[in-house]
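We will go stop by stop, selecting as we go.

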Amino acid sequence: MIQLQIIVSGEVQGVGYRYYTQMKAIQFGITGWVRNLQEGGVEILASGSKADLESFVDEVRRGNPFSTVDHIEVLETEKTETYKSFAIKY
């Protein structure tokens, strides 16, 4: 299992992007969370297999029809917690 921190910038707040991210995470068996950032982007912490995470990152990069993803930064992180599901943090 790999854990990634993903920072997404663009028009990703107020357009259903976190719900889209959660839906895709469930589809690919990814655990972790997604939350809005104060500066207007979204942060994602995602854990899963390499193949599932690659597919998930492709979908996150694409975004939903209402969002515009300008930039995505993906960093592999040390796994400090184990998540059982994928949550939207508020």
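**Stop 1: helix α2**

Start just past the end of α2, at G63, which takes a positive phi of about 75 degrees. Before going on, note that this is a predicted model, where local features need pLDDT of at least 70, side-chain atom pairs count only at pLDDT 80 or more, and totals for chains, interfaces and linings use all residues. Residues are numbered from 1 along each chain as its sequence is written, and side-chain values use heavy atoms, with hydrogens and water left out. Helices (H or I, at least four residues) and strands (E, at least two) are DSSP runs, numbered from the N terminus.

Now select residues 50–62, helix α2. Its 13 residues should span 18 Å at 1.5 Å a residue, and the end C-alpha atoms are 18 Å apart, which agrees. The expected span is 1.5 Å times one less than the number of residues.

Which residues of α2 are buried? Select L53, F56, V57, E59 and V60. Buried means under 20% relative accessible area, with exposed over 50% and partly exposed in between (1.4 Å probe, protein chains only). Look down the axis of α2: these buried residues fall within an arc of 165 degrees, so they line one face of the helix. The arc is that of the directions from the helix axis to the C-beta atoms. The buried residues pack against β1 (2–11), α1 (17–28), β3 (42–48), β4 (68–77) and β5 (86–89). Contact here means heavy atoms within 4.5 Å.

**Stop 2: strand β2 and its partners**

Select residues 31–36, strand β2. β2 pairs with β3 in the antiparallel sense over 6 bridges. Two strands pair if DSSP finds at least two bridges between them. Find W33, which stands opposite L45 in β3. The β2–β3 hairpin has 5 residues between the strands, and there G40 takes a positive phi near 105 degrees. β2 also pairs with β5, in the parallel sense, over 4 bridges. Check V34: it stands opposite I88 in β5.

**Stop 3: residue I6**

Select I6 and show its surroundings. Leaving out residues up to four places away in sequence, I6 touches V42, E43, I44, F56, V57, V60, I72, E73 and V74.

**Stop 4: residue Q3**

Finish at Q3, in strand β1. Is Q3 buried or exposed? Q3 counts as buried, at 4% relative accessibility. Its side chain makes a polar contact with the side chain of S47 (3.1 Å). A polar contact is a pair of N or O atoms within 3.5 Å; within protein, one must be able to donate a hydrogen and the other to accept it, and residues adjacent in sequence count only if both atoms are side-chain atoms.
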